Structure formats: C-alpha cells, structure tokens
Amino acid sequence: MNNLTLNSNAFNRDYRFVPTQSAPQHAMRVQLDLPQDEEFSTTAKAVGVAGLLRLAQYGLEKLSGVCSAALMAGKEFAPREDVEKVANTMKKEKGLSAYIHYIDHKNKVGLQNMFPNLSKSLDVVADGRNAFYTNQGNFVVAPKSKPSLILHELGHAINFEKSSVMRGLQKLRVVGMFAPMAIAALNNASGAKRDGKKNFWERNAGTIGFCAFLPTIIEEAAASIRGINAAKKTLGSSANLKVLKKNYFLAWMTYLLAGIGTGIAAKLAITDVPDVKINI
Ligand SMILES: [Zn+2]
C-alpha cells in the first residue's frame, strides 16, 4: 500500500477493499463472446451490469487515491510538542493502558524486536505513510514526521478500552471484510431460482455489503471525533483545528469509499455472468 490511511489494526491496515476473487481493477472496456441463443439478452444484461460495477470500482479506487494523496500532502495542525501534550492528556484523563510511540527509521527497531509480527507495519509507519493502534500489542504508533495521526489512534484505543459499544463495532470490522464472499455463499445456498425473479440476496447484496462495513465507518468517525475534541479541549483556540479536521475527514472518506466498494463487490459477487469472457 502506497498511501496513507488511518487504521486501528495492523492486520487489516490495507483498506483498499477490492473483491479478492474477481474483478481486475481497470475495467474500462468489456469484450464479449456472446452466446447466440435466446439467453442472449439476459447474458448481455448481466455482462453490462458487471461492466458498470467494475467501472464504479475503478472510479472509487481513483477517488480513494485522491483522498490519500491529499492526506499525504496534508500539513500538521500543530507543533509536535502541542500534539504530544494532547496525546498525553488523552491517555491520562481516560486512564488508558495503551503506550504511545512516535517512530522513524532510527528508533523503530525496539518495537520491531518486541513485536516481530508487526515489523512490516512499523516500517510503513516509520516511512510516514501510516499509523495504527493494536490492542494485542497495547500501543498506538504514529510517524515522527506526522505525530497528529496519534490522536485518531488514541481515539481507537479509548473506543477499545472504555466503550463496550465502540469495542463491539471494532469487532464487527471483520464482517465488512468478508461480506461479499459471505453474501455470495448465502446466495448459492439459497438455491437461486432462474425464473426471472431475483431472490433476497440478489435484490439486496449491495445494501447488505455496505451495511456490513458501516460499523467500521462509524467507529472510524468516532475515533477521529475523540481526537479532534481532545485537541480542542487541550489547546483551545491556539490550535489550527481546521487542518486537523480536514486531514481526518480525508482519512474517513477512504473508509466511506471502501464501504461503498464493499457494496459493489457484494453485488458483483452474485452477478451471474455465464460463459462470457471479459477481457480488460
Ligand atoms: Zn482509524
């Protein structure tokens, strides 16, 4: 992953959600070997739908890339000492057990030795391209070059340690990740009839896929709001909260887009395109 996103969990830090089993990414053109029979129109329609969905995925990817690039180019909202002051206040006021780390390529090694399974994720953070919270390692980590990301990650830590509702939403993250596959499996298991009528899964795959991702979108917003509120409370009017809000909004947008992408992936996963070759 080449772009910066804010994630709570090192294990699913890549939030560019694309369907793993199907679509190539750059669906700009659909070539057809169309069957010459009465199923022609049904097949052509299915292929048309699949093509449009893949085009939509491509658009989402591009848009997400724009958000990430803007985030990468984003300024810090306050000097390092101010950010650290906010972070320390958050930890103290909430009585958090999570440790706070700011790393670069010089001081990353200590954490990497302690958590070898997070070594690659920590490299990305040291690069200045990511930040994360891990409840297994019980720490938050942000790049030394972009310390303000820590406030969002502390928001995740507070959600995990201090809010059972938000912690529940964090646990539902996995549902969003596997929704397209699960919906396809349920659709197959329901013995979809081919009488022209759509079954429940076929009618609702997109909505269900998006809703499966909704807990993540909500929890991400909650983590950012905690960070912004803490900055406002600790630094008052001296902080340039506009910049912080903008950065966090861009990060949140990538999650919203990923949610929409999950809906599309779910719809694609059950779109039946029989015996038709699609070349991209
Ligand atoms: Zn996050």
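This dialogue goes through a predicted model of one protein chain, feature by feature.

Reader: What should I know before reading residue numbers and features here?

Author: Residues are numbered from 1 along each chain as its sequence is written. The model is predicted, so local features need pLDDT of at least 70 and side-chain atom pairs count only at pLDDT 80 or more, while totals for chains, interfaces and linings use all residues.

Reader: What does the pLDDT of the protein chain average?

Author: pLDDT is the predictor's confidence in each residue, from 0 to 100. The protein chain averages 84, and 80% of the residues score at least 70. Among the elements, strand β2 has the highest mean pLDDT (98) and strand β1 (residues 5-7) the lowest (43). Over residues 1-32 the pLDDT is below 50, although this stretch has 81 contacts in the model beyond near neighbours in sequence.

Reader: How many helices and strands are there?

Author: Helices (H or I, at least four residues) and strands (E, at least two) are DSSP runs, numbered from the N terminus. The protein chain has 9 helices and 4 strands. Their order from the N terminus is β-α-α-β-α-α-β-β-α-α-α-α-α.

Reader: Is strand β3 buried or exposed?

Author: A residue is buried if 20 or more other C-beta atoms lie within 10 Å of its own, exposed if 12 or fewer, and partly exposed in between; the C-beta atoms are placed from the backbone. In β3 (residues 130-134), 5 of its 5 residues are buried. Asn130, Phe132 and Thr134 are on one side, Ala131 and Tyr133 on the other, and both faces are covered. Across the protein chain, 41% of the 280 residues count as buried.

Reader: Which strand is joined to β3?

Author: Two strands pair if DSSP finds at least two bridges between them. Strand β4 (residues 139-143) runs antiparallel to β3, with 3 bridges joining them. Phe139 in β4 is the bridge partner of Thr134. The hairpin has 4 residues between the strands, and in it Asn138 takes a positive phi near 55°.

Reader: Which residues does Tyr99 touch?

Author: Two residues are in contact if their C-beta atoms, placed from the backbone, lie within 7 Å. Tyr99 lies in strand β2 (residues 99-103). Leaving aside residues up to four places away in sequence, Tyr99 touches Asn138 and Phe139. The C-alpha atoms of Tyr99 and Phe139 are separated by 4.4 Å, though these residues are 40 apart along the chain.

Reader: Why does Tyr99 count as partly exposed?

Author: Tyr99 counts as partly exposed because it has 13 C-beta neighbours inside 10 Å.

Reader: Which residues are buried in helix α4?

Author: In α4 (residues 119-126), the buried ones are Ser121, Leu122, Val125 and Ala126. They are on the same side of α4 because they cover an arc of only 140° around the axis, the arc being that of the directions from the helix axis to the C-beta atoms. Their cover includes β2, α3 (109-114), β3 and β4. Gly128, which follows α4, has a positive phi near 90°.

Reader: Where does the kink in helix α7 lie?

Author: The bend at a residue is the angle between axes fitted to the seven residues ending there and the seven starting there. In α7, a kink of about 60° lies at Ala179, shortly before the proline Pro180. Ala179 and Pro180 are among the buried residues of α7. What covers these buried residues includes α6 (164-171), α8 (200-235) and α9 (241-270).
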